[in-house]
Amino acid sequence: MNLGGAYMFRMVLAATMLFLFSSMSLAQSEPSEDMQEINSSEEFRSRQFLNLTVGIDEDIKLPPLPKNVEFGGTFRDFVKASISRELNVLRFSPKKEGSAVLTVIDQKSKKVVAEYNVTIKKSRLDGVANEMRALLGDIEGIVIKVINNRVVVDGQVLLPKDMSRIYGVVMQFGEQAASLVTLSPLALKKITEYISRDINNPEIEVRAINDKLILQGYANSEDEKARAEIIAKTYMPDLIVDAAEEKGIVKKRKPANDGVINLINIKEAPSAPPPKMVQLVVHYVELKKDYSKAFQFDWRPGITDGSNLSFSAGESGSSVVSAITGTISSLIPKLNWLKTHGYGRVLESTSLIVQDSKKGEIKQVTNQPYAVLGQEGTQGTAFAEVGINSIITPSILGDKSGSIQLEMAFSISSMAGRGAGGAPITSKNEINTQVTVRDRQSAAVGGLVRNSSTTAFNRPSSGVANPIISLYASKDFQRDQSQFVVFITPVIKTSASQGSEQIKKKFRLRE
């Protein structure tokens, strides 16, 4: 090959190589339409495979979504799905076992934006949860649920022994179960009420703060102060060690004085101590039952003589006219039948506050008017009092005894009917007694049970004087039962204003 031919060969080879390199770069910079569609699909469509458990919700982070989307697929029978735009998550709530597909579709373009292949299985922890519910079902305030592949017992209980039982049940299942149960603060608040009742001194206040009891107020002596502390320590519940405290994550201070902080002060003996107040709550219960049954048959026809003789004179002469007449009365038989029932119950409640050894009286009466005739025949109006009258004198038997001696006189009157002329018939019950009752305890101080019945046979009423035939039969039966009982509850108070805040709050009163 000569030099000219070699030169031409090299030139053709260089041009060929340049054409191939330019074609390759063009193919890389400008993809085909099919390739663009594939890349576009991969860019906007997200596909995930999920394994879910029945009863456990799962939140999945969503890719960027259009404004309006809708769900498609076969998921509705197996799982419930919902989108949170604020959190940009899709929540799955499995309902039953199976496999399903959920697609998120753009409503405008009808293109699939995301696709989720879901497989739902039933967790073996459901059986563990059912067994724990069977063992702990009688404990109030707890919830048993499956969270993070573990059966968790959560809630608050009132008694430490319930905590011990929950701990024993959870330990039976090992790592499959855990407990987040705590002792309810209401338990300690309820204990303070029992402590205050046993101390029985309204000037000593018991409060529960941060698992501790605080005693504050005033006692009459050092013995009473020490007694209040001993009662509070007796009621203190057992300490419960938290799991974080046991592992040293939280260091809890040891309770001083067994968790009872005694801030009670000793009162200086005053020259003339103010008298205590006693609240008296009285309940009146009256039960009355009437029954009346009457039967009467009356057929007594009678005849009356109406004969007369009359004389008359006129221009043409005089004449004598006689007439014989008779009238038969009550010719039609009369039949009367009566049967009535009457029930009545009266429940009255009264409350008053009086000083120690002072008389208190409550009178609640109603004046029932009725018409009367005066001496000159004029008509007037009189009144009959109907209601309740209570006279009570309480006496506290010592500062530490908690007993109250009550001297009482009760009277209650009620309407029993109407008599002749409309005058009211009243029924009156009275009780006079003297008893001793403990503070805040109730007693039935008196009662009256009364039964009466009357029966009358063949008692004719005024009617025909001289009957031709007398056929009469009657029976009248009446029974009355009544019962009256009085209950009283004394409460010792330091002042008359004690307890008024609750009344203001109940009736929404403001100063």
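Two strands are taken to pair if DSSP finds at least two bridges between them. Helices (H or I, at least four residues) and strands (E, at least two) are DSSP runs, numbered from the N terminus. The model is predicted: local features need pLDDT of at least 70, side-chain atom pairs count only at pLDDT 80 or more, and totals for chains, interfaces and linings use all residues. Residues are numbered from 1 along each chain as its sequence is written, and side-chain values use heavy atoms, with hydrogens and water left out.

Strand 3 (residues 69-73) pairs with strand 6 (residues 98-106) through five bridges, in the antiparallel sense. Within this pair, V69 has D106 of strand 6 as its bridge partner. Strand 6 is also joined to strand 7 (residues 112-121), again antiparallel, by eight bridges. Here L102 is bridged to Y116 of strand 7. Five residues lie between the strands in the hairpin of strand 6 and strand 7, and K110 takes a positive phi near 60 degrees there.

Strand 4 and strand 5 (residues 89-94) run antiparallel and are joined by six bridges. K80 is partnered by S93 of strand 5.

A further open sheet has four strands in the order 21-22-23-24, with antiparallel pairing. Its edge strands, strand 21 (360-373) and strand 24 (424-438), each pair on one side only. The twist averages 15 degrees from one strand to the next. Strand 23 (residues 403-418) pairs with strand 24 over 15 bridges, in the antiparallel sense. In strand 24, N432 is the bridge partner of A409.

Helix 4 (residues 160-172) has 13 residues. Its span from first C-alpha to last is 19 Å, close to the 18 Å expected at 1.5 Å a residue; the expected value is 1.5 Å times one less than the number of residues. Its buried residues (under 20% relative accessible area, 1.4 Å probe, protein chains only) are P160, D162, M163, I166, V169 and V170. These residues pack against helix 3 (125-136), strand 8 (142-146), strand 9 (151-157), strand 10 (177-179) and strand 11 (182-183). Just after helix 4, G174 adopts a positive phi of about 65 degrees.

S184 is located in the loop between strand 11 and helix 5. S184 is buried, with a relative accessible area of 7%. Residues up to four places away in sequence aside, S184 touches Q156, V157 and L158; contact means heavy atoms within 4.5 Å.

Helix 5 (residues 185-199) and helix 6 (residues 222-235) pack at an angle of about 145 degrees, and their axes are 10 Å apart. Helix 5 contributes I191, Y194, I195, D198 and I199 to the contact, and helix 6 contributes R227, A228, I231, A232 and Y235. Eight of these residues are nonpolar, none polar and two charged. In this scheme Ala, Val, Leu, Ile, Met, Phe, Trp, Tyr, Cys and Pro count as nonpolar, Asp, Glu, Lys and Arg as charged, and the others, Gly among them, as polar.

Terms used. Buried < 20%, exposed > 50% of the residue type's maximum accessible area, 1.4 Å probe, protein only. Axes fitted to C-alpha atoms, helices over the stretch in contact; angles between N-to-C directions.
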